[in-house]
Amino acid sequence: MKSKKVLSLLITCAMTASMGTTVFASTEDQIAAAQAQKQEAQAGLDQTQANISGLESKKQELESYLSELNSQYNELTESISQLSTQAAEKEDELNKVKVALASAQKAAIKQKEAMSDRIQYIYEKGGTTMFEALISAGSLSELLNQANSISELSKYDRNMLEKYEATQKNIAEQQKKVEDESASINTMLAEKGSKQQEVQNLVATTSDNISSYVNQISANQEEAEVLMAQVSSADNDIAVLMEQAEQERVAEEAAAEAAAQAAAEEAASEEESYSEDSSESDEDTSSDEAYTEDESSDASYTENDSDSESSDDSYSNDEEAGTIDDDSQYTDASEDTSSDDSSTEDSSDSSDDSSSDSSSSDSGSSDSSQGTYLGNFKLTAYCNCATCCGTAGNATASGTMPVAGRTVAMAGVPFGTKLLINGNVYTVEDLGTPYGHVDIYCSSHSEALSFGLQYADVYQLN
């Protein structure tokens with residue numbers, strides 16, 4: 001009966017521990033799922049931020065190109081303005097040349113007409129005129145003077161004609177030059193105007209591309225904000241689930257301890273009850289045997305008084321006496337056995353007390369070659385990023401910069417306390433977690449995520 005009750009209690013404890021383990025495993029699964037969601041959101045966030053960086057780079061390149069195009073457009077505008085001024089000046093110069101050429105042409109025509117008239121007059125009336133001049137001349141000197149005058153007049157006419165022709169030729173050449181320059185200016189104006197239109201089209205296209213990149217950057221920034229919110233939400237969920245897991249673990253340990261204590265108390269009660277029942281049974285057996293012995297003694301005493309025993313009766317009486325003696329010895333052995341059972345019970349109680357003392361000794365802090373044992377603590381990890389600490393690059397609460405493999409955070413002990421965890425020595429340099437929860441610093445956020453939630457024995461070395 002006692003074995004069945006103890007077995008039932010043990011089964012109850014096992015079921016309680018199994019239920020707690022199942023609940024804890026379910027919470028661990030939820031934490032793993034939340035961490036997976038966070039990693040997925042973080043990966044999407046990293047990709048989106050990379051996209052934003054690439055778009056920003058392309059946008060800056062286009063803005064630089066647009067600045068160059070605007071400079072070219074301004075230079076072309078200024079050049080076109082200068083060429084337009086030059087073209088107007090050349091047009092005025094060409095008009096003046098044309099007027100001068102027309103005047104020269106008119107003067108040459110008049111000179112030709114005058115010269116033609118004089119030549120015609122000389123040929124038509126040349127003989128009479130010469131004769132009249134010779135006759136009318138008062139002397140040879142006057143005659144020579146008149147002939148010289150006629151010669152000089154002819155020479156003048158030829159010189160003036162040649163001069164007008166040269167002037168007309170120069171004006172014509174100048175007109176050709178001005179026309180060529182004007183044509184060149186007009187060609188340059190056309191080229192500059194075409195180039196300006198091309199640059200203007202490029203400016204419009206580049207501005208549209210920049211606007212497109214701005215819209216893409218804005219969309220990616222909105223997506224990044226959504227992903228950051230998801231990462232933050234996942235962090236909060238993980239923190240809540242980790243706290244829940246810790247509470248469930250504590251509740252599980254308390255339930256298991258209570259169940260174990262109840263089982264021990266029930267077993268002790270059953271053992272005590274069983275011992276009492278065994279003692280009562282031994283006492284009843286001893287009384288019955290003593291009563292049988294008394295009856296046998298009385299029968300022997302009656303036979304001896306009657307003096308009518310035969311040798312067979314004497315032998316029978318002796319045999320009965322021997323039986324009585326054997327029963328007495330059995331009773332004594334039974335009493336010894338009862339005494340042994342009592343001694344066994346005492347030994348069991350002593351063993352239980354020793355086991356209880358040993359369990360009590362293991363539950364508290366103890367000193368060993370590894371340092372002072374603090375207990376089985378919860379372990380998490382963090383890094384120095386904005387997601388873990390709010391802002392990146394912060395110093396610890398003790399004023400030092402965190403170092404992976406050295407820095408841990410935990411309240412309840414002084415800064416500088418050395419902790420031995422899984423064979424590694426850490427230094428408490430930061431706060432943020434209660435006593436019993438050690439937050440280990442990692443060099444990157446991915447390492448902190450992959451660390452997850454763990455439990456380990458923690459020893460204090462100083």
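Colleague: Hi! Which way do strand β3 and β5 pair, parallel or antiparallel?

Modeller: Hello! In this predicted model, strand β3, residues 407-409, pairs with β5 in the parallel sense, over 3 bridges. Within that pairing, Val408 stands opposite Val428 in β5.

Colleague: And how does β4 pair with β5?

Modeller: β4 and β5 pair in the antiparallel sense, and 4 bridges join them. One of the facing pairs is Ile421 opposite Asn424 in β5.

Colleague: How many residues sit between the strands in that hairpin?

Modeller: The hairpin of β4 and β5 has 2 residues between the strands, and Asn422 there takes a positive phi near 55°. Asn422 is not a glycine, yet its phi is positive. For orientation, Asn422 is in the loop between β4 (418-421) and β5 (424-430).

Colleague: Is Asn422 buried or exposed?

Modeller: Asn422 is exposed, at a relative accessible area of 57%. β5 is mostly covered, with 5 of its 7 residues buried.

Colleague: Let's move to β6. How many of its residues are buried?

Modeller: For β6, residues 437-441, the count is 5 of the 5, so the strand is largely enclosed by the rest of the structure. His437, Asp439 and Tyr441 point one way from β6, while Val438 and Ile440 point the other way, and all are buried.

Colleague: What does β6 pair with, then?

Modeller: Strand β2, residues 371-382, runs parallel to β6 and is joined to it by 5 bridges. Ala381 stands opposite Ile440 in that pairing. β3 also pairs with β6, in the antiparallel sense over 2 bridges. Here Val408 has Ile440 as its bridge partner in β6.

Colleague: What share of the residues counts as buried?

Modeller: Of the chain's 462 residues, 27% count as buried. The accessible surface comes to about 28,800 Å², with 50% of it belonging to carbon and sulfur atoms. On contacts, if you take those with a separation of 6 or more, 78% are between residues 24 or more positions apart.

Colleague: Changing topic: how many disulfides are there?

Modeller: The count comes to 0 disulfides. Take Cys385: its closest cysteine sulfur is in Cys383, 3.2 Å away, which is too far for a bond because the cut-off for a disulfide is 2.5 Å. Cys389 is in no disulfide either, and the nearest cysteine sulfur to it, that of Cys388, is 5.8 Å away.

Colleague: What touches His445, leaving aside its neighbours in sequence?

Modeller: Leaving aside neighbours within four places in sequence, His445 is in contact with Lys38, Gln42, Cys383, Cys385, Thr387 and Cys388. His445 lies in helix α5, residues 445-451, and counts as buried at 14% relative accessibility.

Colleague: Over to helix α2. What does the side chain of Arg249 make a polar contact with?

Modeller: The side chain of Arg249 makes a polar contact with the side chain of Glu246, at 3.0 Å. Arg249 lies in helix α2, which covers residues 140-306. At 12% relative accessibility, Arg249 counts as buried.

Colleague: And Gln175, how far is it from Lys98?

Modeller: Gln175 and Lys98 are 77 residues apart in sequence, and their C-alpha atoms are 6.8 Å apart in space. Gln175 also lies in helix α2.

Colleague: Which residues is Gln175 in contact with?

Modeller: Beyond its neighbours within four places in sequence, Gln175 is in contact with Leu94, Val97, Lys98 and Leu101. Gln175 is buried, with a relative accessible area of 16%.

Colleague: Great, thanks for walking me through this!

Notes
Residues numbered from 1 in each chain as written. Predicted model: local features only at pLDDT ≥ 70, side-chain atom pairs only at ≥ 80, totals over all residues. Heavy atoms only, no water. Buried < 20%, exposed > 50% of the residue type's maximum accessible area, 1.4 Å probe, protein only. Contact = heavy atoms within 4.5 Å. Areas by Shrake-Rupley, 256 points an atom, 1.4 Å probe, with all protein chains shown as cover. Pairing = 2+ DSSP bridges. Polar contact = N/O pair within 3.5 Å; in protein donor to acceptor, adjacent residues only side chain to side chain.
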